[in-house]
Amino acid sequence: MGDTVHIGGRESRWFLHGMTALVTGGTKGIGHAIVEELAGFGAVIHTCNRHEYELNECLSQWGMKGFRVTGSVCDVLSPTDREKLINKVSSLFNGKLNILINNVGVGERKPTEEYTAEDTSFLMGTNFDSAYNICQLAHPLLKASGAGSIVFVSSVAGVFAVNVGSLYSSAKGAINQLTKYLACEWAKDNIRSNSVAPWFIRTPLVEREMNNEEFIKLVNSRTPAGRVGEPKEVSSLVAFLCLPAASYITGQTICVDGGVTVNGFFLP
């Protein structure tokens, strides 16, 4: 196959050996699954969390598994913390970054008329502004790598109407639009940009809903697959989008949703 490098009998385009990655919010839920997925493909990873004890616990576990993962305490809502995070990544990875996973997200379900200015600042700041700014800060590192890939963890709430709150949905819709824009603007720098939009996934973020049997029945009834998703079912797609094998995929928002976004009125 010409100049294609093979590792263990497989083409190197199916591996991330030698590549560097930053995963925000990588200590639990989907973010944790993404860290382990990328590490399993051979990437060297840096992640962050607001809580040092959670971060240290995960780093210890990953070390025992043989994963190459480092971490920083960071509140992505803070511009100063974001700058420190990217400076740390630049120092660790010699000014180059192959993969940026914007994973951090928060939600608060309220009727639209009840959201306050503080709610807007917090939810939009965490879900959209932080990811936007981290992309800006990371751009020189992604460009320097010669082959950069950005993946946003969005939501089906940014694709169609879901009863999770208008601010959360608006932020995720903005993320999906940013995905398209960066794919076009930064293509000249060999940077790809894609978005993964999960449906209801079994994570600590939805622990309360998971304990509500009636709610879960409703979720399953609207989902053609008939069940909620698992974090690894999202992380596998994220990893694929980062692989060299996905080098012609950019600007896409791909739903990981058991079919819910295509279910107009199909009864179980």
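In which crossing, left-handed or right-handed, does α1 pass α2?

## The model

This is a predicted model, in which local features need pLDDT of at least 70, side-chain atom pairs count only at pLDDT 80 or more, and totals for chains, interfaces and linings use all residues. Residues are numbered from 1 along each chain as its sequence is written, and side-chain values use heavy atoms, with hydrogens and water left out.

## The helix pair

α1 passes α2 in a right-handed crossing, a term for the near helix being turned clockwise from the far one by less than a right angle. Helices (H or I, at least four residues) and strands (E, at least two) are DSSP runs, numbered from the N terminus.

Helix α1 (residues 29-40) packs with helix α2 (residues 52-65) at an angle of about 25 degrees, their axes lying 12 Å apart; axes are lines fitted to C-alpha atoms, for helices over the stretch in contact, and angles run from 0 to 180 degrees between N-to-C directions. The two helices, α1 and α2, are therefore roughly parallel to each other, as angles under 35 degrees count. His32, Val35 and Glu36 in α1 meet Cys58, Trp62 and Lys65 in α2, where contact means heavy atoms within 4.5 Å.

## The sheet

Seven strands form an open sheet with parallel pairing, in the order β5-β4-β3-β6-β7-β8-β9; two strands pair if DSSP finds at least two bridges between them. Its edge strands, β5 (69-73) and β9 (253-256), each pair on one side only.

Strand β4 (residues 44-49) pairs with β5 in the parallel sense over five bridges, and the bridge partner of Ile45 in β5 is Val69.

Definitions and conventions. Angles under 35 degrees count as roughly parallel, over 145 as roughly antiparallel, 65 to 115 as roughly perpendicular and the rest as oblique.
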